[in-house]
Every structure is written in C-alpha cells, then in structure tokens.
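Me: Let's go through the aromatic contacts here, ring by ring. Keep it brisk.

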Amino acid sequence: MRKPYIAIVDDDASFAAYLRTFLSLRGYEARCYARGDELLASMKQAEAPDVILLDVMMPGLDGLATLRALKTSQPGAQVIMLSGRNQASTIVEAVRLGAADYVVKPDDPEGLGEIALDVAIKNAIEKNRLVSELSELRQQLSDDEDRSVWGNSEKMRNIATVIEQVADSDVTVLIRGESGVGKELVSRAIHQRSTRRNRPFVKVNCAALPAELLESELFGHERGAFTGAATTRIGKFEQADTGTLFMDEIGEMKPALQAKLLHVLQDAEFTKLGSNKRIQVDVRIVAATNRDLEAMLLNGEFREDLYYRLKVIELTVPALRERPDEIPTLTDFFVARYSRKYNRPLKPISDQLRHMFLQYEWPGNIRELENMIKRVVILQDEHLVVREIERNMQRTAAISVAAAPMYAAAGASVGGGMPPAALPTSLPSDMEPVEVEPPDAPPEETGGSLAAVAKAASIKAERAAIEQTLRQVHWNRRKAAQILGVSYKTLLNKIKECGISRA
C-alpha cells in the first residue's frame, strides 16, 4: 500500500527536518521545499502531494501567495497552514483561500501542538479519500452513460479500445467524423481516463469566433492590446494548464493562427496579444473536425506540419446511419435522461416512431436524435417529430427523382451510371430540393439539335444534384465524390464545368 505523501514547505531548515522525522515515524512519506515556488515547479513535473504543510512566513512567495497559486492550479489540494503564532487575520484569509486547516507550529513541552498537527493531517487524508471515492462513483456513472450513448457496435468498441490505450499518454489526438456523431464525448472520455482527469478540461470551438477574437480566446490578451480590450484576460491555454484542451472544428482555423498553434505544440509556450512575455504551459491537445483536411492541404487551407502534429493518433467516429443497431438503445437512454431532467412522465416511444427512427438516415446524427427525443419528452407528443421525419424523407425522394437524369447522362461521360440507392439519402430540414426544369422550348422551336438539347438538360441536372450533395456534406468535396460515385478529380471538373461556387 502506498504511503501518503506530504510536502513540507518551510524556509527554516531545522524545523523542516524535525517535521520530516515526525512524519516518517507516523508512516508518511515526506519531502521538504524551502520556498513556495519550488513546490509549484515540482508539482508540474511529479505527483501531487496528498497533504501540503505550508509555512505562512517565507521569503519571496509567502505562504498565502503560495496557497492562492495552489488553489488556482489544483483546487482540490489539501493545504494545512503552519505559523509560529496565532494571527486571527491570517487564519481568516487562509480559510477564505481554501486552506484545509491552520495549526500553530508545535513547540510546547506537552506535545499538544504535535497532537493538533497529527489530527489535522489525518482529517485532510480522510477528506482526500472521500473525494476520491466520490470521483470514482461519478466516473462509474459517466462510464455507464458513455456505454449507453456509444452503443455496442464493433466500430465504437474499437474506438473505446484505442482510447484506453492512448489515454494515459500525452500524445495529441485528432477525432474525425460528421457533425453530431459525439466527437466531444470521445474527447471527454480520453481526458477522464488520463492522468489529467482531476485537472481542467477546457473546450474551444474554432468555428464560433472570427480569427482575431479566436486568437485572444486561445492565448489571452493584455489590456489595450486591441480596441475593446479593457482588461487583461487569460486564454484557454492558460485555463487548461496541466489539463486537456479540446479544440473543436480545428479545420476552421485560419492559416496565420495555425502557425501560432503549431509553435505552442512544439515549444509548450506562447505570448499573449499585446505582450512579449513568454508563458509556459503543459496542455494536452485533442482536436476534432468534420472537414476533409487532406483536401484542405492540397488547397493550401491547412498547414501540413500542423496536420501531422495533430494526427499522432486519429479516431474516426462513424455516422449514426452506419450503426443503426444502436438507435433503440440511444432512444431509451435519451428518453430516460430527459424525463428526469425535465420532470416529465417516463413515457415509452411508440412502435411507429421507433420504426421511423430505423428507416431515417439521420443527417444530424446523434445530436439530431437527441433533440427529437427532447421535443417528444417535453411536449409529451410525437406528432411534430413524425411530421418532421416524413417531410425530410419526402425531400430525399424528390432529390432522387430530380437527380436521376444526371446519372443517366453521367454514365456515358464517366464510365457508368449510379443506382438511385447511392444518392444522398437525407437532408437537414431547412434544405429544399432543387427542381430540374424542362428545356424552355422543344427542339423544333429552338432549331437546336437533339444532342445539344440533351447536353443542356444533362448539365442542368448534374448541377442540381452536385449542388444538393455539396450542401448536404458542407462542401466536403471528397465525401461528395464518394456519394456521387465519381472520382475526386472528376467532381472538381464537373464543378468547374457547371459553374458551381460556394455561396
């Protein structure tokens, strides 16, 4: 069984040696530090102490300043303040800052001070034990939720296996997958199973802010660094120090900011906006994207060196339509969760809606399913969700009919047609199908040849189908090429030929 580790922080070498002997005789492992900054530096490199005995009066960083720094970096630290005399104001300030106890240094002949110190240490260790048990119970509940949300498909089991293998290392992880598949859930699982689990987990969405504000969000800024910077602010990297930073939608980051991020990953340091002072951080990066980074590399939109720096470990979370066996489990899980959260009766989902869930293609993945269940639970009515699914499926059918001429024509130009089943199977509810209009006039009225009319109709149909597919996959051209059954190069040529541009 591991001995409890106690750190002694006191500039009085003789008193520190006395405490070390006192603790060793009682079965503790003790280490001495002469200054507060020595302890703080050691905690970044080694295991954190179970209890810290901290002298109030020290040169440089005094006891209260050290306590403040400890509670910022490690809120759960058990710190017992030691002082040569009872000072009410110091005791009040120490308790306000989060000290577990305040003990006068033992020097009385009766040994009452030693008894008080021994009791304070035992109480602190017991509190650590209770906190640890509570954390384990919460982790067990979290694991149960993870299993419910993740399901039990082979692909998700493989992802869980990789997470267990890499969680305790500090390598960067790149999580890929469509929007709504649960990439953040995977990132939190990595953090919770790592040695950083009791340290901060900080999330930043790189698509939510323009480049100028995103740089400030990540790295912080000094007062007056730019218009509106009225105060100094720390960024996400400082907030995540010793923990994990989850960078969602990393593909939306502009190249100039990518260069600064690469520097942080390489050197573990950065400067705030408006400052020349270097700040060192110890942060594990987990990034996520739904974009085709390889295509972005070819187009010069994403740095190659950053790409390989992030892609040490790569995980691809499959879309919900690729694991339909998990839909019933997810449905029951969300019904139970939101019935509890919103204090609604636990009403089972009807067989009709369950069947529709299995037939639907879920363009919004797990997030779309979750939101639909949320509406059903809150309103206690399935009709709105039924109508929404029916409307989306009708749009899918309309797109298939509208795009059919494209594939008949494309068969001659690209070496074969594509069956209707390979067409995009679903669209978000705000997407309307593009109708293909017939030629403005019959060939005998225009005087054009049948071949010319057929070519014009073919281009119009191709344009409609390509635009719809690109919108569905958020302009991920590689994915669109896969759905349309053509090569990536052929799709690029078709986009150019049809004059399609991203609005």
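Me: The charged end of K105 sits over which ring?
Reply: This is a predicted model. The charged end of K105 lies 4.7 Å from the ring centre. A charge counts as over a ring within 6 Å of the centre and within 35 degrees of the normal.

Me: How far is the charged end of R31 from the centre of the ring of Y5?
Reply: R31 places its charged end over the Y5 ring. The distance to the ring centre is 4.0 Å.

Me: How many aromatic pairs are there?
Reply: Ring centres must lie within 6.5 Å to pair. By this rule the count is twelve.

Me: Are the planes of F219 and F270 stacked, edge-to-face or tilted?
Reply: Their ring centres are 5.4 Å apart. Stacked needs planes under 30 degrees apart, and edge-to-face needs over 60. The planes stand at 45°, so the pair is tilted.

Me: F219 and F270 tie together parts how many residues apart in sequence?
Reply: F219 belongs to helix α8, residues 211-219. F270 belongs to strand β9, residues 269-271. The pair therefore ties together parts separated in sequence by 51 residues.

Me: Are F219 and F270 buried or exposed?
Reply: Buried means under 20% relative accessible area. Both F219 and F270 are buried.

Me: What kind of pair do Y360 and W362 form?
Reply: The centres of these two rings are 4.8 Å apart. Y360 is buried at 3% relative accessibility, and W362 is buried at 0%. The planes of Y360 and W362 meet at 75°, so the pair is edge-to-face.

Key
Residues numbered from 1 in each chain as written. Predicted model: local features only at pLDDT ≥ 70, side-chain atom pairs only at ≥ 80, totals over all residues. Heavy atoms only, no water. Phe/Tyr/Trp six-rings, centres within 6.5 Å; stacked < 30°, edge-to-face > 60°. Helix = DSSP H or I, 4+ residues; strand = E, 2+ residues; numbered from the N terminus. Buried < 20%, exposed > 50% of the residue type's maximum accessible area, 1.4 Å probe, protein only.
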